[in-house]
Amino acid sequence: MAAPSPVEPLLPDLSEDQVDARRRIREALTRGERELVFTGPAGSGKTTLLRVLIADVKAEGWKVRSLALTGKAAVNLHQVTGEEAGTVHGALYRQVQDGEDGRPRFFGRQAPCEEKTLVLVDEASMMDTHLHHDFMVAMPKGSVVLFIGDREQLPPVRGTWGCDFANPTAALTQIHRQALGNPILAISALVREGGKLPQGVVGEAYLRRRGSLEEVVEAAAMRRRVGADVAILTQTNEIRERLNRFMRRALGHADQGALTAGDRVLVRRNNKIVGRMNGEVLTVERVVPWLETREGQRAADDDQVTALEAKALWVRTVEGARFYTAPDLIGAEGNVHWKTVHGQCRGTWESLWLNLDYGEALTVHAGQGSGFDEVFFVIDGMTRYLAGLNPVQARRLVYTAVTRAKKRLEVWDLG
């Protein structure tokens, strides 16, 4: 592996701590370290420095591969770097199956990159110790991984951090002046330092108020009707499911069946054939009963329709995805989804069925790695209970929710 050239003189568009982080990462590459960790809070300029680092290593003949822990994070990584991006699981494993607990099980470990490649892994604070072990074992000789993340966000759902965020190779700590001019980033900095979310209004970008779930939905639905990119975030699945039901009703979607144009859906498992990744939020453009498709009509003529196929839906989304689903399978656990599809799909391809749920409202964990123009963050009794039981975890939850908002944040305290 060619050693990086000496660090260039200070660049006018990089802050002092960005220059220092760049130097530390390049020196670690020169020493031949295989695992690098780069951290920084929202507004510290990780994305800017990442672009510089990509240009650095490409100029020296390295290949670059970009990965993230969720599909949405991979999409975001592609947008900010211009590099094609995929998921860690999709790059690392050849096969996925559903376990008895409904969680996916991955098999067929493979090298996630070619030799002499710098692999960027974004949102790496979501990577647990087991996945980290598999990833590092599979990394080919001569390649390096740069884990990128915000150590103030929520830790992995299961286990602890895989990479060493407590002792990073390089860390950005300075919030840029222009970032602090953004009320959302200023509030995220306040939360990160142990402060509380402000009450009332902060400019046009922030509002905190008290209300019911119905009032949250009414306000969010109003923004959705005018085309705003809105997500409702909350802590628990129970509240998330209620919010999704209420939102479909408020938008008039519930009267149109289990799925209709305009519905937001959350992809719950990678599907390489459909080309969609776990964590992506898609907007439905068209829904056609499968029996009305040519394939469905042929199967009906041959009397080969199973019970699942008889109620199946052929779906097209604004993002270009095309797949099958069925009313009973929207929101179904992974093992239920797979067993049902595997046992009853004869007239349609099993690989074109997408495991999904409604996606108007998400848990904060599910939203991690994503960004939305507008976020409605719902604080319920469980969130307040967590704040008393584990203040550090509660702070991470709130910080993660706040930093999902790009332009506007509404915080709702349930009455």
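How many Å should the 13 residues of helix H8 span at 1.5 Å a residue, and how far apart are its end C-alpha atoms? Before we work that out, keep in mind that you are looking at a predicted model.

Let's start with the whole protein. Its secondary structure comes to 15 helices and 19 strands. The radius of gyration is 23 Å, close to the 22 Å that the globule rule gives for 415 residues, so the protein is as compact as a globular protein of that length. Along the principal axes, the C-alpha atoms fill a box of roughly 70 × 50 × 35 Å. Of the 415 residues, 53% are buried. Now take contacts between residues at least 6 apart in sequence: 73% of them join residues at least 24 apart.

Back to helix H8, residues 213-225. At 1.5 Å a residue, H8 should span 18 Å, and its end C-alpha atoms are 18 Å apart, which agrees. The buried residues of H8 are Leu213, Val216, Val217, Ala219, Ala220, Ala221 and Arg224. They pack against several elements, including strand S10 (206-211), helix H9 (237-250) and strand S19 (405-414). After H8 comes glycine 227, with a positive phi near 90°.

Next, look at helices H14 (residues 381-389) and H15 (residues 391-402). They pack at an angle of about 135°, with their axes 6 Å apart. That angle makes H14 oblique to H15. H14 brings Thr383, Leu386, Ala387, Gly388 and Leu389 to the contact, while H15 brings Pro391, Gln393, Ala394 and Leu397. Sorted by class, the contact of H14 with H15 has six nonpolar residues, three polar ones and no charged ones.

Conventions:
Residues are numbered from 1 along each chain as its sequence is written. This is a predicted model: local features need pLDDT of at least 70, side-chain atom pairs count only at pLDDT 80 or more; totals for chains, interfaces and linings use all residues. Side-chain values use heavy atoms; hydrogens and water are left out. Axes are lines fitted to C-alpha atoms, for helices over the stretch in contact, and angles run from 0 to 180 degrees between N-to-C directions. Helices (H or I, at least four residues) and strands (E, at least two) are DSSP runs, numbered from the N terminus. Angles under 35 degrees count as roughly parallel, over 145 as roughly antiparallel, 65 to 115 as roughly perpendicular and the rest as oblique. Contact means heavy atoms within 4.5 Å. Ala, Val, Leu, Ile, Met, Phe, Trp, Tyr, Cys and Pro count as nonpolar, Asp, Glu, Lys and Arg as charged, and the others, Gly among them, as polar. The expected span of a helix is 1.5 Å times one less than its number of residues. Buried means under 20% relative accessible area, exposed over 50%, partly exposed in between (1.4 Å probe, protein chains only). The radius of gyration is taken over C-alpha atoms; the globule rule is 2.2 Å times the number of residues to the power 0.38.
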